[in-house]
Amino acid sequence: MAHTVPTKQMTTSEMGLAIVAAVFALFALVVAAKAHTPEYAFHAAIFAIAAGASVFAIANRYFDRPAMLPPQEIDGRPNYNMGPVKFATLASLFWGIAGFTVGLVIALQLAWPALNLGLPWTSFGRLRPLHTSAVIFAFGGNVLLATSFYVVQRTSRVRLAGDLAPWFVVLGYNLFIVVAGTGYVLGITQGKEYAEPEWYADLFLTVVWVVYLLVFLATLMKRKEPHIYVANWFYLAFIVTIAVLHLGNNATVPVSVFSPKSYIVWAGVQDAMVQWWYGHNAVGFFLTAGFLAIMYYFIPKRANRPVYSYRLSIIHFWALIFLYIWAGPHHLHYTALPDWAQTLGMTFSVMLWMPSWGGMINGLMTLSGAWDKLRTDPVLRMMVVSVAFYGMSTFEGPLMSVKAVNSLSHYTDWTIGHVHSGALGWVGYVSFGAIYCLVPWLWNRREMYSLRLVNWHFWISTLGIVLYISAMWVSGILQGLMWRAYTALGFLEYSFIETVEAMHPFYVIRALGGLLFLAGALIMVVNVWRTIAGAGEAASEPAAIPALVPAE
């Protein structure tokens, strides 16, 4: 009996995305030709090239692939789609090194201003947002994309929803990073903290983010597990809330489709309030909720232990997402913001102590019965230390929101030390731990090429973090005390330049700390490269996550 060979046809997603990309490429070329500034024309050209390359890639994929798309299951087992996860994992390493390097450069510029080189493109004012966006949105964002796409598949036991959509998310997001980063260097900015990209980049990111949400939701909807694991709740809160924050804080009116300039619809103190509602909750949901999802999957997985208390994880989730959204006004103490709003932000910030420490305790106590693994597993040690940094940062943050403390700390380097204890210790370490777990799983290796190199990474980076945050704590408190010091006659005791001069040794120590942290990350890149290159034994596919029940 003859077998009928299925006829190859372009899918709706392939045809639709190719047409949209082709139309967008033509539109971007027109904008590039009529752009008001050469910098905007450059960005339009990037979009045109990316859209044209997408059309070529879709066509090439169609001709190379078999008639049938990859099946959802093979022999009754989920046929996971790990291509986008691999790409986002490697992109996170690339952007991490780039972001840490720029951070080291601007730290050196503060210690030795001559390193600004007298050029607009290398000035601190342009490199500083490049650094923050590279480490938060490029490095951290790709870690979240990689881990969320991995975790939602594994805990749902289904293939990632969509054919081209997951690839559109990871490639589109990284295209946004390229446009945003080059924009900072070229001087294209809204001047809003953590939201510097102009309207056209924001609009493109909105499209990418909506597709991200749809892919994540569609995967959950077709899950084979009746229960939605808690990590997915945190990922979902992160995706939805960041979308709302992004739309609210970037509500602008463009001058023209041919101009990069736009004007925000908010004004005055209302703009400041919306900005810090966005800014603080970008920390709360991008850098906290998203990475707590990583904690709730990768620490139990690595320790081979169930979550200590599943009930506590649910309480942690609902309390955190309710309280965090109100805390933004504490960034605006002693400003034109009404006093009641400042007090509201302070109150909710102090209340955040409870759910934050509940989550920290849950993460640490998951190691009950497995504490001995910290001696032999530097990856698990790194993730556990990240949870300790999370606890420290979420103690320090509410403390600094209290008005009496904030009167000393605000506008000083104490805030910089606080931010980096969370960014380097919590976000950095839990990200590194997740990548160390993912790489052997994704490339089918038994373990990382060298656990000794992981150990070196841990200790070198830890020393760098301690130097960094200690220097900033001391310099920040010194700044605050010098600024409020008065003579017996009631005059300021120190001029501003004297306070700047007093900071120099601490800035040198900070730069040294940043150098050590970068060195640790470079060791990691070498280790990952050797692992992927096959310098280790192949292993079977990793087992499913341990039983999702509390160990109470």
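Start by selecting helix H11, residues 353–365, which supplies the largest share of a nonpolar surface patch: three residues. Keep in mind as you look around that this is a predicted model.

**Stop one: the nonpolar patch**

Now zoom in on Ile-361, which sits in helix H11. Is Ile-361 buried, partly exposed or exposed? Its relative accessibility is 40%, so Ile-361 counts as partly exposed, because that class lies between the 20% limit for buried and the 50% limit for exposed.

**Stop two: Ser-386**

Next, select helix H13, residues 378–401, and pick out Ser-386 within it. Ser-386 has 0% relative accessibility and therefore counts as buried. Which residues does Ser-386 touch, leaving aside those up to four places away in sequence? Show Gly-425, Trp-426, Tyr-429 and Val-430, and you have the answer. For a sense of distance, draw a line from the C-alpha atom of Ser-386 to that of Thr-101: the two are separated by 21 Å, and they lie 285 residues apart along the chain.

**Stop three: Ser-461**

To find Ser-461, select helix H16, residues 451–483. This serine is buried, with a relative accessible area of 0%.

**Stop four: two loop residues with positive phi**

Here the backbone is the thing to watch. Most residues other than glycine have a negative phi. Go to Asp-75, where phi is near 55°, a positive value in a residue other than glycine. Where is Asp-75? Look in the loop between strand E1 (73–74) and strand E2 (77–78). Asp-75 counts as exposed because its relative accessibility is 78%.

Finally, move to Arg-157, in the loop between helix H4 (124–156) and helix H5 (165–186). Arg-157 is not a glycine either, yet it has a positive phi of about 60°. How exposed is Arg-157? With a relative accessible area of 37%, Arg-157 is partly exposed.

Technical notes
Residues numbered from 1 in each chain as written. Predicted model: local features only at pLDDT ≥ 70, side-chain atom pairs only at ≥ 80, totals over all residues. Heavy atoms only, no water. Helix = DSSP H or I, 4+ residues; strand = E, 2+ residues; numbered from the N terminus. Buried < 20%, exposed > 50% of the residue type's maximum accessible area, 1.4 Å probe, protein only. Contact = heavy atoms within 4.5 Å.
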